[in-house]
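Please keep the sequence and the structure in view while reading.

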Amino acid sequence: MFTQFFGNFLLYQKLITPEQLLEAIRQKQETRMQLGVLAINAGYMTASQVERIHELQSKMDKRIGDIAVELGYITEEQLAELLNAQPLGYLLLGQAIIDKGFMTNSQFEAAIRSYKEKYSLSDEDISNNENSKSDTLIASLYDFSKTSNPSLYKGFVTLLMNNFVRFVGDDFTPLEPEFEIQSDSYKATSQKINGEFSVMTHIFAKEKELIQFACRYSGENITELDEYAEASGQDFINLHNGLFTVNASNNQQIELTLTPPAPLADLASEEVNGHLILPFQFPFGIIRFAISI
Amino acid sequence: MNINELKVLVCDDSLLARKRLKDCIISFGCTQVFEATDGEEAIAQYNNNKPNLVFMDIVMPKKDGIEALKSILEIDRDATVIMASSVGTQSYLKDAIKAGAIDFIQKPIDNDRVKEIINSYCSREEED
């Protein structure tokens, strides 16, 4: 979750524009981690030290890591540790942003420091994605204590993000929640959850975006809003809500049931106004998921 | 029983879920796969095709999977019905087993589980 929320953080701190974020996310796959960004993230080097090394490197034929050790900025052990570390998604995103020239090393250094401070994240938290600190990030999106059942709502949204990562892709940024829709050109499918946690859920997007979502989710080559595109939205909402009912049953002994997902249709504003609407920005556009509160 | 003699019925209201499961079953060498999109159609298809194995979703329009399962067992006490659903909650599991389902697969469907079920059915039929 840290990658997704790091994008969200940069966006809402106005450190980059939505267009820049999208471009960096698209670039991320081809991005190679540079030692400088790793060292800044670990707190081993400052941005100005990294820039000094880059300057020196342009004059001599030596590797960045060796120069850093020679200058006494880092130890051999720290160098080995940095080189062996798994590249973390949010750092790759940071690297792509720096490569594109959207931020400088020192802007990145300041951003990463305030991101960690804001959510009290340690390096261990970030290396371990299953960490309970994901909760802190999810809770920063919306104040779930205002809902009738904070733990179920929070569990629902946490699972939703994990399911987007698992079934659609990890290259999204959760945008700030909305409580009404501004467009009348959304196509939606919906599903009702019944029982102790009785809520209405919708997944919706504009036609073009829904087709892209369907391509990814189904693994089929879908080019128009056909029956496969429709089935993808229904299948995803049913799968997500189904997994949610399984968790509620196993972890909280709450037995819920589902209605069959509704056919794809134009979304009328009154269907979702006042609901918690979560927009997920993917490179191909925004997919929204709404849950009544 | 040889897998190419096996008849399988896939019941799911999701076109995508049916396609995925059908593709998976065909990839194991099965040639006769029938489809139903809701509980009522599942019963009709069962009557028409007398499949050896049935994969049944639970949340479906018209008649849900548990009701369809009960009706199929009324027609054929020896029907082999496997529930394949996203809602593997304690109470749905209990209802399914009580109604006579022989197994339950939680969605997203793991193809190896499907293979295991088909293979064990085919080898069991060989012994009989």
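## A covered helix in chain A

In this model, which is predicted, helix 3 of chain A, covering residues 35-42, is mostly covered, since seven of its eight residues are buried. Those buried residues are A:Leu35, A:Gly36, A:Val37, A:Leu38, A:Ala39, A:Ile40 and A:Asn41.

What do the buried residues of helix 3 of chain A pack against? Their partners are helices of chain A, namely helix 4 (47-57), helix 5 (64-70), helix 6 (76-84), helix 7 (89-99) and helix 8 (105-118). Helix 3 of chain A is followed by A:Gly43, and the phi angle of A:Gly43 is positive, near 80°.

## Chain A as a whole

Stepping back from that helix, chain A contains 14 helices and seven strands, and its C-alpha atoms fill a box of roughly 65 × 40 × 30 Å when taken along the principal axes. Chain A has 293 residues, of which 41% count as buried. Among the contacts in chain A with a separation of 6 or more, 66% are accounted for by residues 24 or more positions apart.

## Two domains in chain A

Chain A is divided into domain 1, which covers 2-131, and domain 2, which covers 144-291. The C-alpha centres of domain 1 and domain 2 of chain A lie 33 Å apart, and where the domains are in contact, twelve residues of domain 1 of chain A meet eight residues of domain 2 of chain A.

Which helices each supply at least two residues of the side of domain 1 of chain A that touches domain 2 of chain A? They are helix 1 (2-12) and helix 2 (18-27) of chain A, and helix 1 of chain A gives the most to that side, with six residues. By class, the side of domain 1 of chain A that touches domain 2 of chain A has five nonpolar, five polar and two charged residues.

Strand 2 of chain A, residues 186-195, has seven buried residues out of ten, so it is largely enclosed by the rest of the structure. Strand 2 of chain A is joined by eight bridges to strand 3 of chain A (residues 199-206), and these two strands run antiparallel. Strand 2 and strand 3 of chain A form a hairpin, with three residues between them, and in this pairing A:Lys192 stands opposite A:Met200 of strand 3 of chain A.

Strand 2 of chain A also pairs in the antiparallel sense with strand 5 of chain A (residues 265-266), over two bridges, where A:Lys187 stands opposite A:Asp266. Three further bridges join strand 2 of chain A to strand 4 of chain A, again running antiparallel, and here A:Gly195 stands opposite A:Leu256. As background, strands of a sheet pair through backbone hydrogen bonds, either parallel or antiparallel.

## The sheet of chain B

Chain B holds an open sheet of five strands, which has the order 2-1-3-4-5 and parallel pairing. Strand 2 (32-36) and strand 5 (103-106) of chain B are the edge strands, each of them pairing on one side only. From one strand to the next, the twist of this sheet averages 20°.

One pairing in the sheet can be followed in detail: strand 4 of chain B, residues 80-85, is joined by four bridges to strand 5 of chain B, and the two run parallel. Within this pairing, B:Ile82 has B:Asp103 of strand 5 of chain B as its bridge partner.

## Two packed helices in chain B

Helix 3 of chain B (residues 65-75) and helix 4 of chain B (residues 90-99) pack at an angle of about 10°, with their axes 9 Å apart. Because angles under 35 degrees count as roughly parallel, helix 3 of chain B is roughly parallel to helix 4 of chain B. The contact is made by B:Ile66, B:Leu69 and B:Lys70 of helix 3 of chain B together with B:Asp95, B:Ala96 and B:Ala99 of helix 4 of chain B. These residues divide into four nonpolar, no polar and two charged.

## Where the chains meet

The contact between the chains takes 18 residues from chain A and 18 residues from chain B. On the side of chain A that touches chain B, the elements that give two or more residues are helix 13 (227-252) and strand 4 (256-258) of chain A, and helix 13 of chain A provides the largest share, 13 residues. The residues on that side of chain A divide into eight nonpolar, seven polar and three charged.

Note on methods. Residues are numbered from 1 along each chain as its sequence is written. Chains are lettered from A and ligands numbered from 1 in the order in which they are written. This is a predicted model: local features need pLDDT of at least 70, side-chain atom pairs count only at pLDDT 80 or more; totals for chains, interfaces and linings use all residues. Two residues are in contact if their C-beta atoms, placed from the backbone, lie within 7 Å. Ala, Val, Leu, Ile, Met, Phe, Trp, Tyr, Cys and Pro count as nonpolar, Asp, Glu, Lys and Arg as charged, and the others, Gly among them, as polar. A residue is buried if 20 or more other C-beta atoms lie within 10 Å of its own, exposed if 12 or fewer, and partly exposed in between; C-beta atoms are placed from the backbone. Two strands pair if DSSP finds at least two bridges between them. Axes are lines fitted to C-alpha atoms, for helices over the stretch in contact, and angles run from 0 to 180 degrees between N-to-C directions. Angles under 35 degrees count as roughly parallel, over 145 as roughly antiparallel, 65 to 115 as roughly perpendicular and the rest as oblique. Domain bounds come from an automatic or database domain assignment.
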